[in-house]
Amino acid sequence: MGFRKKTNKNPPVLSHEFIIQNHADIVSCVAMVFLLGLMFEVTSKVAVLFITVQYNFTISANEGLSEESVVNHFHHGLKDLATIFFYMLVAIIIHAIIQEYVLDKINRKMHFSKTKHSKFNESGQLSAFYLFSFGWGTSILMSVVIEWTWCPVCPACRFQMKFYFISQMGYWLHALPEIYFQKTKKEDIPRQLVYISLYLVHIVGAYILNLNRLALVLLVLHCFIELLFHVSRLVYFSNEKRQTGFSIWAVLFVLGRLLTLSLSVLTVGFGLSNADQQGLDLANGNFNVLIVRITVLATICVTQAFMMWKFINFQLRRWREQAQAQPVKPKKLQAPKTKSKKDKANGVNGVSSNGADSPRAKKEKSS
């Protein structure tokens, strides 16, 4: 069963058009190979590297008690690349399912233009992702916030925390081949590459530096704000008069940037500098040195400044479009002055309204 809509033309096998039309089927077959590998003892060890989360170890909260006090924790390593690759394939499959069975059906009913069609697909996909990320991240925060001592650096994390970050990296890596699969316009490719790179740099950096707790809080906040924007854009495409969501998003966007900067400075600038564990220790996953803290803060500040600059340009462009869309009020045309009854009588008697003789009076005088 294909996820993409098949056309009457049959493109050559392994051609660009063939791969684009059948990319979801091809990726599904590759993912099935890893799943089938779990059924055989010879290949199960390799398949486990791609499907399950690696580097687990147990920590006993209270030694000498029952087994219920033993908790599984995870750290990161090179084997995570295989897991990220597999869930990147899963993200491609889910992307195709949402596109085929949800977005394409709505597009056929709404009859969007080509520009609105691409923007609607982008907002539809990102709305689903941000909704999932926000809900999942919030559930993780609610379940583990009581256990946290609010230390931003933690080399060991629970299963949900690690799987959340692996899914995030897998999703944003899948967005790179989707640029080719979705036939993205050349003028839109640089914009998409920029924000995909920003997501990967920040998520991968937080994952490697063990700043997963701070990154989780900031990701949940960011996903909520971006979810509001893309939902507002979907509503706008259905009815262009509904623009209230953009106003709410604009306020929350600015507040989100300020809150992100505040949490980052307090956590990295003050929290880590006063922490007990100082120095570089790769074996224990400790990167609490001055150069790393400065790099992290500089990266966050530059990113927030870039996002504010893009936000200001977006608002100015939106205001200009609204000003141009407003209809210009036509000037009232002055009606020609009509002669009064007195002027008409004077004209008949031989005197015009300005005191001069009328043509009829001049004719009578000449005769």
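Asn-210 is found in the loop between α7 and α8 (212–238), where helices (H or I, at least four residues) and strands (E, at least two) are DSSP runs numbered from the N terminus. The structure is a predicted model, in which local features need pLDDT of at least 70 and side-chain atom pairs count only at pLDDT 80 or more, while totals for chains, interfaces and linings use all residues. Residues are numbered from 1 along each chain as its sequence is written, and side-chain values use heavy atoms, with hydrogens and water left out.

Although Asn-210 is not a glycine, its phi is positive, at about 60°. Asn-210 is buried, with a relative accessible area of 3%; buried denotes under 20% relative accessible area, exposed over 50%, and partly exposed the range in between (1.4 Å probe, protein chains only). A positive phi, near 55°, also occurs at Lys-183, a residue other than glycine. Lys-183 lies in the loop between α6 and α7 (189–208) and is partly exposed, with a relative accessible area of 49%.

The protein as a whole contains 12 helices and 4 strands. Of its 367 residues, 37% count as buried. Among contacts (heavy atoms within 4.5 Å) between residues at least 6 apart in sequence, 69% join residues at least 24 apart.

Two packed helices are described by the angle between their axes and the distance between the axes. Axes are lines fitted to C-alpha atoms, for helices over the stretch in contact, and angles run from 0 to 180 degrees between N-to-C directions. Helix α4 (residues 80–110) and helix α6 (residues 159–181) have axes that come within 7 Å and cross at roughly 55°. The two helices α4 and α6 are therefore oblique to each other; angles under 35 degrees count as roughly parallel, over 145 as roughly antiparallel, 65 to 115 as roughly perpendicular and the rest as oblique. The crossing of α4 and α6 is right-handed, a crossing being right-handed if the near helix is turned clockwise from the far one by less than a right angle, and left-handed if anticlockwise. Residues of α4 in this contact include Tyr-87, Met-88 and His-95, and those of α6 include Phe-163, Ile-166 and His-174. By class, the contact of α4 with α6 comprises 12 nonpolar, 4 polar and 3 charged residues, with Ala, Val, Leu, Ile, Met, Phe, Trp, Tyr, Cys and Pro counted as nonpolar, Asp, Glu, Lys and Arg as charged, and the others, Gly among them, as polar.

Helix α2 (residues 23–37) packs against helix α3 (residues 41–51) at an angle of about 125°, with the axes 7 Å apart. The helices α2 and α3 are therefore oblique to each other, and their crossing is left-handed. Phe-34, Leu-35 and Gly-37 of α2 make this contact with Thr-43, Ser-44, Ala-47, Phe-50 and Ile-51 of α3. These residues divide into 5 nonpolar and 3 polar, with no charged residues.

Thr-52 is placed in the loop between α3 and β1 (56–60) and is partly exposed, with a relative accessible area of 33%.
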